[in-house]
Amino acid sequence: APEAPEEKFSLREVLDTFKLCLSEDKEVYVEHYVAGWRGLIKFLNSLGSVFGFISKDAVNKIKILVTHLEGENSSEYVTVQSMVKYELENELVDLNKRGNHPESGCRTLLRLHRALRWLELFLERLRTSGEDGKTSVMCAEAYNESLSQHHPWVVRKAAGMAFCVLPGRPAFFEVMNVGTPEQVVAMLGDALPLISEVYQVTEELYAQHNLLDLP
Ligand code: 1Q0
């Protein structure tokens, strides 16, 4: 069955939400960060059920963040900066081993943050690849350089199997719903610096607070 229009992925939409992520003084808005991931998950879902285990985990993480965003302390969760400050000051983060705060905003967002690095690497490969570039290879390389380091063997294995059934570059570009391959490449060129900046700002913040290895 054709997808409902509001479910249809559009790369432009995702690009727009990532544009909204950074405030003028380079704070990252949790709301738009989450919205960006929602858009990406739409894309992932349109690729088929093999990716279900990935999208399920991402959806769970988003749900946790939305619960914080809409909870009693929502004002503390407006930006990643305010979230980090609030959760650390109130000892709401498990720092060394998993314990009382398995759903802290900090550890949850860190998982998506690591995945954002994968996305950056993957999209950069996609952007610079030739017509016969293999998405499965680009995806696997990007994964091996980033996220895989944080995953146990079983997850790496399952991810590797899922990558094998990724559609080829032309079909992939089509799902992006932008236009010609040239237009897709151009839009990726616009999107990447934004995604990269959001990643860098978050990375530095987490590094400053020693949060890059949260259990
Ligand atoms: C296009 C193919 C998509 C491939 C996505 C690569 C990521 C693979 C990750 C597989 C792991 C998922 C299983 C769960 C792992 C969790 O253990 C792990 C850690 O969490 P925790 O609570 O156990 O400590 N979770 C994660 O690492 C989070 C992983 C989130 C991945 C979200 C991926 C969303 C992908 C979107 C598709 C984007 C398509 C790009 C092209 C669109 C153009 C803009």
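Q: Helices are DSSP runs of H or I with at least four residues; strands are runs of E with at least two; both are numbered from the N terminus. Which residue follows helix 9, and what is its phi?

A: This is a predicted model: local features need pLDDT of at least 70, side-chain atom pairs count at pLDDT 80 or more, and totals for chains, interfaces and linings use all residues. Residues are numbered from 1 along each chain as its sequence is written. Asn210 comes after helix 9, with a positive phi near 55°.

Q: How many residues does helix 9 have, and what does it span?

A: Compare the span with the expected one, 1.5 Å times one less than the number of residues. Helix 9 covers residues 181–208, 28 residues in total. Its first and last C-alpha atoms are 40 Å apart, close to the expected 40 Å.

Q: Where does helix 9 bend?

A: A bend is the angle between axes fitted to the seven residues ending at a position and the seven starting there. In helix 9 it is about 25° at Ala191. Pro193 follows within four residues.

Q: Which residues of helix 9 are buried?

A: An α-helix has 3.6 residues a turn, so residues three or four places apart point the same way. Count other C-beta atoms, placed from the backbone, within 10 Å: 20 or more is buried, 12 or fewer exposed, in between partly exposed. Helix 9 buries Val184, Leu188, Ala191, Ile195, Val198, Thr202 and Leu205. Their cover includes helix 1 (11–20), helix 4 (80–89), helix 5 (105–128) and helix 8 (169–176).

Q: Why does Leu11 count as buried?

A: Because it has 23 C-beta neighbours inside 10 Å. Leu11 lies in helix 1. Skipping residues up to four places away, it touches Met176, Asn177, Val178 and Met187 (C-beta atoms within 7 Å).

Q: How many residues does the largest nonpolar core have?

A: A core joins buried Ala, Val, Leu, Ile, Met, Phe, Trp, Tyr and Cys through C-beta atoms within 7 Å. The largest has 44 residues, and Val30, Tyr33, Val80 and Cys106 have the most contacts inside it. Helix 5 gives the most, 8 residues. Beyond four places in sequence, Val80 contacts Val28, Val30, Leu109, Thr202 and Leu205.

Q: Which residues are closest to the ligand?

A: Take residues whose C-beta atom, placed from the backbone, is within 6 Å. There are 22; Leu40, Leu44, Asp57, Ala58 and Ala115 are the closest. Contributors of two or more include helix 2, helix 3 (52–70) and helix 5.

Key: Two residues are in contact if their C-beta atoms, placed from the backbone, lie within 7 Å.
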